[in-house]
Amino acid sequence: MKSPQPIYISAIGCYVPTKIVSNNDLAQSVDTSDEWIHSHTGIRERRIAKPEEQCSDLAVNAALDLFAKSNRKREEIDGIIVATATADHYGFPSTACIVAEKLGIKGAAAFDIGAGCTGFIYALEIARGMIMSGSMTKALVFGSEKLSEVVNWKDRNTCVLFGDGAGCVLLERTEEPKGIIDSTLHAEGAGSLALAITKDTKTITMEGRAVYAFAVRAIGDTVLELLTRNDLTIEDITWIVPHQANHRIIAACSKRYGFDPTMFYLNIERYANTSAASIPIALAEMEEGGLLKSGQKILFVGFGAGLTYGGTLIQW
Ligand code: ACO
């Protein structure tokens, strides 16, 4: 949906657990190697949360980072949305309500959404719609994941791919000509079992090749859809911030669609795939590194379980 009024990201925060698990560490417990993992995925290491650290704790730490880096106050927040596949509790209460309580935010609307690795893109669009409708004014939008809890650490096909972490942004109105320009959300339920955490397995199962083919197409089609309907070309875009799943997916997509691979911001080497958290963690790093500049047009692109995909076009 195109934005009739400017709504922008006014602050960003992130948190990753301190414990680093390298590919070589994993090679001690499953039949794999740093060479295989890095050459097939781009990953060197991932962060793993402590047993007592829950999804909400990761999110709270990301929010504390956001408040520390901005002049926003937690009393101003009237909306909290957490995109996650690894909520503190099965069913309820929602992680968003726990985050509100831990942050001491009273009375804000708070709920979780589940759209796999596309969760942050979905949550951002929900928050934007609610701000447009007037039901929120300042929304904290999180991607937060403790994937280490749902990984089968004996399955080398999947356990090497994932990590823990959280990122968040503050979304609000502005009078300036900047912010979210357009957004698109999609799902292909026919592929729902290609990437799943089911009641039977309670751990991530994945058809790697099928997900790979879907991901290449999902990124490329999302970029083209947002460019076309906003009369833009790829040359108008400074950065594409993709969900961080696998550097080979980005390379294959760039080749097939003719995108410059250096437009994609990648940090998968250090954090692996943190699902819904990967885009806001990347944004926090980009802001810290001075890569986000006023006037730039930036595309966020998510894809993942569902199979869901979608994107956000934003002017910084
Ligand atoms: N270490 C060593 N060997 C491995 C490992 C490992 N960690 N994992 C798989 N292998 C082996 C397989 O057993 C297989 O051996 P075999 O030929 O003897 O049977 C061989 O490597 C090739 O396996 P493939 O699955 O064909 O490997 P592929 O080149 O397709 O790479 C991968 C696997 C990296 C998972 C790839 O399919 C992929 O990137 N898929 C996309 C899925 C993805 O990124 N998922 C992340 C979550 S989804 C998301 O975020 C959207």
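The model is predicted, so local features need pLDDT of at least 70 and side-chain atom pairs count only at pLDDT 80 or more, while totals for chains, interfaces and linings use all residues. Residues are numbered from 1 along each chain as its sequence is written, and side-chain values use heavy atoms, leaving out hydrogens and water. The ligand lies between domain 1 (7-173) and domain 2 (179-315), because both give residues to the shell around it; the domain bounds come from an automatic or database domain assignment.

**Around the ligand**

- The ligand is surrounded by 24 residues, and the closest are Thr-32, Arg-209, His-243, Asn-246 and Asn-273; a residue is near a molecule if one of its heavy atoms lies within 4 Å of it.
- By class, this shell has 11 nonpolar, nine polar and four charged residues. Here Ala, Val, Leu, Ile, Met, Phe, Trp, Tyr, Cys and Pro count as nonpolar, Asp, Glu, Lys and Arg as charged, and the others, Gly among them, as polar.
- Arg-209 has a polar side-chain atom 2.8 Å from an oxygen atom of the ligand, a polar contact being a pair of N or O atoms within 3.5 Å.
- For His-243, an N or O atom in the side chain is 2.8 Å from an oxygen atom of the ligand.
- Arg-248 places a polar side-chain atom 3.1 Å from an oxygen atom of the ligand.
- The protein buries 76% of the 1,000 Å² that the ligand exposes when taken alone (areas from the Shrake-Rupley method with a 1.4 Å probe).
- Two or more shell residues come from each of helix 2 (34-41), helix 6 (156-159), helix 7 (208-228), helix 8 (247-257) and strand 12 (297-304). Helices (H or I, at least four residues) and strands (E, at least two) are DSSP runs, numbered from the N terminus.
- Helix 7 gives the largest share of the shell, four residues.

**The second largest pocket**

- This pocket has a volume of about 170 Å³, the space filled by probe spheres set on grid points that are joined across faces, edges and corners.
- A pocket is an open set of points on a 1 Å grid over the protein atoms alone, where a 1.4 Å probe fits, with protein on both sides within 12 Å along at least five of seven lines; lining residues have an atom within 4 Å of a point.
- Its lining has 13 residues, with Tyr-8, Ile-9, Lys-178, Gln-315 and Trp-316 nearest the centre.
- Strand 1 (7-15) and strand 13 (308-315) each supply at least two lining residues, and strand 1 gives the most, with three.
- Domain 1 and domain 2 each provide at least three residues of the lining.

**Backbone details**

- The peptide bond from Phe-92 to Pro-93 is cis, with omega near 0°, and Pro-93 lies in the loop between strand 4 (79-83) and helix 4 (95-103).
- Gly-306 and Leu-307 are also joined by a cis peptide bond, with omega about -5°; Leu-307 is in the loop between strand 12 and strand 13.

Note on methods: A polar contact is a pair of N or O atoms within 3.5 Å; within protein, one must be able to donate a hydrogen and the other to accept it, and residues adjacent in sequence count only if both atoms are side-chain atoms.
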